[in-house]
Amino acid sequence: MDNILRKPLGRLFRWNETKIHELNYLFWECTTRCNLHCRHCGSDCTDDRGEKDMPLEDFLKAVDTIPKESIGKRFTVVLTGGEPLLRKDLETAGREIRRRGMGWGMVSNGWLYDEEKHRQLMSAGMGTLTISLDGLEENHDWMRGRDGSYAKTMKAIELAAKEQRLNFDVVTCVNKRNLKQLQELHDRLASLGVRQWRIFTIIPIGRACHDAELHLSNEEFVELMEFIKHKRDHRESSMNVTYSCEGYLGRYEWEVRQNPHFCHAGINIASVLIDGTISACPNIDREAWGQGNIYRDNLWSVWNEGFKAYRDKSWARRGMCKECKKFRDCQGGGMHNWHGDCHEVINCLYNKTLTQKC
Amino acid sequence: MFVFQACYGTAQEDFDGNEVSFKVMSAEDGSPIEGVRIRSQFQSNSDEMNYDWEYIGITDETGVASGMLRTSELDVMYKFTDADSLYEVKDTVINDAHEHQVEVYLRRR
């Protein structure tokens with residue numbers, strides 16, 4: 001796209017999407033049980049947080065409030081957790097979602113993803129999958145809190161990467177310990193045939209709040225941006241490397257991903273959380289930004305009548321965003337950056353990019 | 001113009017397909033056959049196009065299996081292979097398995 005046109009076109013696209021407010025991406029936090037204990041878990045999941053999995057029929061009942069004519073071709077339900085593979089009814093869930101004319105996918109740590117599970121889920125119509133890999137063996141297992149995690153995750157990645165019918169990507173949370181391993185990770189993933197590698201940094205929520213090793217300094221963040229930019233400029237492999245759409249990136253905005261920053265939470269994205277809360281992405285502060293609950297509200301009505309603060313971000317002109325000249329394009333970053341009393345954004349990526357590269 | 005992916009979610013997908021369902025039985029006595037592996041292959045008119053066999057499912061104790069066919073094209077070849085090799089492998093083109101459950105009969109070897 002022409003450099004002069006892309007900024008206004010990006011703004012026009014955001015304005016238009018916000019106005020249309022089409023729901024086409026629905027998270028289902030189907031469990032908060034997890035077989036790992038990740039240092040950066042934004043949901044603070046454990047092997048048993050004491051919450052029961054949401055019954056499939058409860059979720060489907062909420063989904064069935066969405067009129068058929070409002071289910072577009074790209075409507076995708078994303079099963080997340082916790083670890084979705086701990087549920088025994090994923091195939092049934094997948095088939096039921098497909099029967100409603102929706103696509104579905106899953107975010108997984110890969111521990112339980114073996115050949116049999118792969119076949120079963122593909123047969124149930126799984127169309128998209130994301131698996132997390134957070135470093136080479138020692139660092140990945142450290143991040144994930146369980147020895148052997150790296151080996152199992154790599155097997156899962158190898159399996160999924162071979163599947164041509166699957167829209168598959170690997171995500172990596174970059175931190176101080178794995179920053180210098182990115183080149184080797186890149187080479188390993190490329191050698192397995194991975195086509196999409198998405199990199200993000202960790203926001204200080206959940207367990208990640210007080211762990212200094214997880215958070216990059218400004219200089220390290222710029223180093224990461226340069227790494228991704230280099231990979232995109234030089235195309236060393238057929239693998240597409242991107243930075244996730246977490247916030248506005250200033251001079252790197254068009255260099256490290258295909259699209260400009262645009263938080264789709266509440267504009268195209270909703271979620272049904274473990275306790276029935278209706279929100280947008282699961283990592284958004286559910287107390288501050290929850291819009292209703294499927295056990296007392298109609299999901300479709302909440303989508304249409306709620307989410308106003310997601311669509312009009314003028315409230316975010318506060319704290320460091322108040323006088324920021326980039327607000328028009330940033331809009332206060334992703335909604336997950338506004339927690340608690342929301343008087344200040346908890347993470348400004350743009351500020352980090354102002355540091356000069358070494 | 002722009003596609004998006006939620007920060008902590010998967011990519012969106014663009015799926016084109018249907019659920020298909022089969023009941024597999026013995027041609028000799030009509031009894032259901034468990035453990036039959038069903039795969040599909042899209043049939044192309046072009047000699048240059050080769051499509052992989054895709055896994056649909058394995059029949060249960062009632063001989064029934066269903067799965068997702070990842071194409072909306074109708075001419076699809078299905079292959080039925082029983083786990084114990086007691087029956088002949090069957091290759092057949094079926095074009096209405098997305099509309100109703102199709103009965104398939106396998107002959108003993």
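Which strands of chain A does helix α8 lie across? Select residues 218-234 of chain A to find out: that's helix α8, and it lies across β5, β6 (196-201) and β7. Check its direction against β7(A) while you're there, and you'll find α8 running at about 150° to that strand. One thing to keep in mind as you click around: this is a predicted model.

**Stop 1: the sheet of chain A**

Now colour the strands of chain A. Ten of them, β1 to β10, form an open sheet, and if you walk across it the order is β7-β6-β5-β4-β3-β2-β1-β8-β9-β10. The pairing is mixed. Go to the edges and you'll meet β7 (240-243) and β10 (292-293). Each has a single partner strand, so one side of each is left without a neighbour in the sheet.

Stay with β7(A) for a moment. Its pairing with β6(A) is parallel and runs over four bridges.

A:Ile131 has A:Val170 in β5(A) as its bridge partner.

**Stop 2: A:Asn109**

Select A:Asn109. You'll find this residue in the loop between β3 (103-108) and α4 (115-123) of chain A. A:Asn109 has a relative accessibility of 5%, so it counts as buried.

What is A:Asn109 in contact with, leaving aside its neighbours within four places in sequence? The list is A:Cys34, A:Asn35, A:Leu36, A:Glu83, A:Ile131, A:Ser132, A:Arg144 and A:Thr153. Zoom in on A:Asn35 in particular: its side chain and that of A:Asn109 are joined by a polar contact of 2.9 Å. For a sense of scale, draw a C-alpha to C-alpha distance from A:Asn109 to A:Gly94. The two are 15 residues apart in sequence and 18 Å apart in space.

**Stop 3: two crossing helices**

Select residues 137-144 (α5) and 149-162 (α6) of chain A. Their axes come within 8 Å and cross at roughly 105°, which means α5(A) is roughly perpendicular to α6(A). On the α5(A) side, show A:Glu137, A:His140, A:Asp141 and A:Arg144; they meet A:Ser149, A:Tyr150 and A:Thr153 in α6(A). The residues of this contact divide into one nonpolar, three polar and three charged.

**Stop 4: A:Glu29**

Jump to strand β1 (residues 25-29) of chain A and pick A:Glu29. Its relative accessible area is 0%, so A:Glu29 is buried. What does its side chain find there? A polar contact of 2.9 Å joins it to the side chain of A:Arg286. A polar atom of the A:Glu29 side chain also lies 2.9 Å from the backbone nitrogen of A:Ile274.

**Stop 5: over to chain B**

Hide chain A and look at chain B on its own. How many helices and strands does chain B have? Zero helices and seven strands. Of its 109 residues, 43% are buried.

Start with the open sheet of three strands, in the order β4-β1-β7, with mixed pairing. Its edges are β4 (64-69) and β7 (102-106), each with a single partner strand, so each has one side without a neighbour in the sheet. The twist averages 35° from one strand to the next. Strand β1 (residues 18-26) pairs with β7(B) in the parallel sense over five bridges, and B:Phe22 stands opposite B:Val102 in β7(B).

Finish at B:Arg37. In β5(B) it stands opposite B:Thr81, while in β3(B) its bridge partner is B:Ile58.

How values were computed. Residues are numbered from 1 along each chain as its sequence is written. Chains are lettered from A and ligands numbered from 1 in the order in which they are written. This is a predicted model: local features need pLDDT of at least 70, side-chain atom pairs count only at pLDDT 80 or more; totals for chains, interfaces and linings use all residues. Side-chain values use heavy atoms; hydrogens and water are left out. Axes are lines fitted to C-alpha atoms, for helices over the stretch in contact, and angles run from 0 to 180 degrees between N-to-C directions. Angles under 35 degrees count as roughly parallel, over 145 as roughly antiparallel, 65 to 115 as roughly perpendicular and the rest as oblique. Contact means heavy atoms within 4.5 Å. Ala, Val, Leu, Ile, Met, Phe, Trp, Tyr, Cys and Pro count as nonpolar, Asp, Glu, Lys and Arg as charged, and the others, Gly among them, as polar. Two strands pair if DSSP finds at least two bridges between them. Buried means under 20% relative accessible area, exposed over 50%, partly exposed in between (1.4 Å probe, protein chains only). A polar contact is a pair of N or O atoms within 3.5 Å; within protein, one must be able to donate a hydrogen and the other to accept it, and residues adjacent in sequence count only if both atoms are side-chain atoms.
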